[in-house]
Amino acid sequence: MGESPHLLLVDDERSIREPLAVYLSKQSFRVTQAGDAESARMRMAAYAIDLVVLDIMMPGEDGLSLCRHIRATSEIPVILLTAKSEETDRIVGLEMGADDYVVKPFSPRELAARIKTVLRRATGGGGLRQHAPESGSFAFASWVLKTGERALIDREGVSVPLSTGEYNLLLALVQRPRQVLTRDQLLDLTQGREAAAFDRAIDNQVSRLRRKIEADPKNPDIIKTVWGGGYALSTDVTRL
């Protein structure tokens, strides 16, 4: 079975957000929820999101401000949830780059159909949108990860071969130094949460990666295990 699109549902009204998340999950979407813009930013940093469903009217930072941030930093499609009285906001949101909007009250079935349509446009009908890789180099400990060449270089300038899974895992970690990432997050960031994927796959990749970059793989200093949490890159990272 292929990957399911991962949605971020952002709405401060729990009575709307939670039942909608349940419905969309039954439509074969993976759904992560956020009750405000700050939480949404954290979720987008922690997961590989394929589409954001975003309520315009929220306390604190509103949906239009968050939409502007999303469009300035990514190509993630955005569908706005608006009230009938928010016509001006809908126009502004579309001018900011939102892909569609749905007016409250709406049927979950209508929203699901709009989501599928926007995802088809975003992928050209060919499946999940491919997230653009972050370019550049990351220096950490005595290593440099070069994303353009997909190469790991040691202090002597020698390239250490990495499998695709090892490279994707290391890239996810160096992009989020000192941040604890759960196995579920790492699966999502590195390969997408597929039906056949399982948490042990991440443990195996971490073990193989440690054998390549740690001085003592059994007592790692770079990739730390956080018991009950997941894994974290425990060193500072410099963008080159």
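This report walks through the sheet, the helices and the hairpins of a predicted model.

## The five-stranded sheet

Let's start with the parallel sheet. Its five strands follow the order β2-β1-β3-β4-β5, and the sheet is open. Strands β2 (30-34) and β5 (100-104) sit at the edges with a single partner strand each, so one side of each has no neighbour in the sheet. On average, and ignoring direction, neighbouring strands here are turned by 20 degrees against each other.

For a look at one pairing, take strand β3 (residues 51-55) and strand β4 (residues 78-83). Four bridges link these two in the parallel sense. If you find Val53 in the structure, you can follow its bridge to Ile79 in β4.

## Helices on the sheet

Helix α4, in turn, lies across β4 and β5, and runs at about 160 degrees to β5.

## Where α3 meets α4

A pair of packed helices is described by two values, the angle between the axes and the distance between them. For helix α3 (residues 63-73) and helix α4 (residues 87-96), the axes come within 9 Å and cross at roughly 10 degrees. Angles under 35 degrees count as roughly parallel, and that crossing therefore makes α3 roughly parallel to α4.

Which residues make the contact? From α3 come Leu64, Cys67, Arg68 and Arg71, while α4 supplies Asp89, Val92, Gly93 and Met96. By type, the residues of this contact divide into four nonpolar, three charged and one polar.

Strand β6 (residues 137-140) and β7 run antiparallel and are joined by four bridges. Ser137 stands opposite Lys146 of β7. The two strands form a hairpin with two residues between them, and in the turn Ala141 has a positive phi of about 50 degrees.

Strand β7 also pairs with strand β8 (residues 151-153), in the antiparallel sense and over three bridges. Here Leu145 has Leu152 of β8 as its bridge partner. The hairpin of β7 and β8 has four residues between the strands, and Arg150 takes a positive phi near 50 degrees.

What are the two faces of strand β7 (residues 143-146)? Trp143 and Leu145 form the covered face, and Val144 and Lys146 the uncovered one.

Methods:
Residues numbered from 1 in each chain as written. Predicted model: local features only at pLDDT ≥ 70, side-chain atom pairs only at ≥ 80, totals over all residues. Heavy atoms only, no water. Axes fitted to C-alpha atoms, helices over the stretch in contact; angles between N-to-C directions. Parallel < 35°, antiparallel > 145°, perpendicular 65-115°, else oblique. Contact = heavy atoms within 4.5 Å. Nonpolar A, V, L, I, M, F, W, Y, C, P; charged D, E, K, R; others polar. Pairing = 2+ DSSP bridges. Buried < 20%, exposed > 50% of the residue type's maximum accessible area, 1.4 Å probe, protein only.
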